[in-house]
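Biologist: I would like to go through the labels used for this model and hear what each one rests on. Please set each value against its cut-off.

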Amino acid sequence: MTEIHPDQRVAVLVDAQNLYHSAHSVYSRNIDYSALLEKAVQERSLTRAIAYVIRAQSPDEESFFDALADIGFETKIKDIKTFGDGSKKADWDVGMSLDAVTLASHVDTIVLCTGDGDFSRLCSHLRHEGVRVEVMAFGQSTAEELREATDAFVDLSEREDTFLL
């Protein structure tokens, strides 16, 4: 495992949907994305910060997207899909994974902000490619296989006052 040092180039990829649902189901609170980004970077060199968000036509979402941009995140927005049976789907798993693999040759560390176990294979691949992988998420809603596939796991639950609004 590579140690953290100021010369590391870091990319931060945030699964906003996953963090939102975890924060609301467990704490009924919102994420402090500014604090999240600051902790993810840890005084290293930020190469890219991307927040993957879903447009669900809710009243405050555009101001949320603007706030993310003001903090320093590039936002990638996907519209929610509604199927004929009324079910809805929207996730960024493939998009985040492709971006992580693309960024891997340009950074030393990738910080994934998600608890979704679907990213465990991605973590293993990135580590095999020589990239340090860190995950930041809420411990009680993070898949064990994801924790095991990383170099470091930051449990946001341990610092609620820092990471929740």
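Modeller: Start with α4: the elements that cover its buried residues include β1, β2, β3, β6 and α5. This is a predicted model, in which local features need pLDDT of at least 70 and side-chain atom pairs count only at pLDDT 80 or more, while totals for chains, interfaces and linings use all residues. Residues are numbered from 1 along each chain as its sequence is written, and side-chain values use heavy atoms, with hydrogens and water left out.

Biologist: What makes something a helix or a strand here, and what counts as contact?

Modeller: Helices (H or I, at least four residues) and strands (E, at least two) are DSSP runs, numbered from the N terminus. Contact means heavy atoms within 4.5 Å.

Biologist: Which residues of α4 are called buried?

Modeller: They are Asp93, Gly95, Met96, Asp99, Ala100 and Leu103. Buried means under 20% relative accessible area, exposed over 50%, and partly exposed in between, with a 1.4 Å probe and protein chains only.

Biologist: Why is Ser28 called exposed?

Modeller: Its relative accessibility is 60%, so Ser28 counts as exposed. Ser28 sits in the loop between α1 and α2.

Biologist: What label do Gln42 and Ala69 get?

Modeller: Gln42 has a relative accessible area of 27% and is therefore partly exposed. Ala69, in helix α3, stands at 42% relative accessibility and also counts as partly exposed.

Biologist: What makes the backbone of Ser28 and Gln42 worth a remark?

Modeller: Most residues other than glycine have a negative phi. Ser28 is not a glycine, yet its phi is positive, about 55 degrees. Gln42, in the loop between α2 and β2, is likewise a residue other than glycine with a positive phi, near 50 degrees. Just after α5, a positive phi of about 95 degrees is taken by Gly130.

Biologist: How do you know that the buried residues of α5 line one face?

Modeller: In α5 (residues 120-128) the buried residues are Ser120, Leu122, Cys123 and Leu126. Seen down the axis of α5, these buried residues fall within an arc of 155 degrees, so they line one face of the helix. The arc is that of the directions from the helix axis to the C-beta atoms. The face turned away from the buried side of α5 carries the exposed residues Arg121 and His128. Cover for the buried residues of α5 includes α4 (93-103), β6, β7 (132-137) and α6 (144-148).

Biologist: What makes a set of residues a nonpolar core?

Modeller: The members are buried Ala, Val, Leu, Ile, Met, Phe, Trp, Tyr and Cys residues joined through side-chain atoms within 4.5 Å. The largest such core has 28 residues, of which Val12, Val14, Tyr33, Leu36, Phe73 and Met136 touch the most other members. Two or more residues come from each of β1 (9-15), α1 (16-27), α2 (33-41), β2 (45-55), α3 (61-71) and β6 (109-113). The largest share, six residues, is that of α2. Another core lies apart from this one and has 25 residues, among them Leu122, Val135, Ala143 and Leu146.

Biologist: What does Phe73 touch?

Modeller: Leaving out residues up to four places away in sequence, Phe73 touches Val12, Val14, Tyr33, Leu37, Ala49, Ile50, Ala51 and Leu68.

Biologist: How do you know which strands pair with β1?

Modeller: Two strands pair if DSSP finds at least two bridges between them. β1 and β2 have seven bridges and run parallel, and β1 has five with β6, also parallel. Val10 stands opposite Leu46 in β2 and opposite Thr109 in β6. Six of the seven residues of β1 are buried.

Biologist: What hand is given to the unit of β2, α3 and β3?

Modeller: A crossover is right-handed if, with the strands pointing away from the viewer, the path from the first strand over the helix to the second runs clockwise. β2, α3 and β3 make a right-handed β-α-β unit. β2 and β3 (residues 74-79) are parallel and joined by six bridges, and Ile54 has Lys78 of β3 as its bridge partner.
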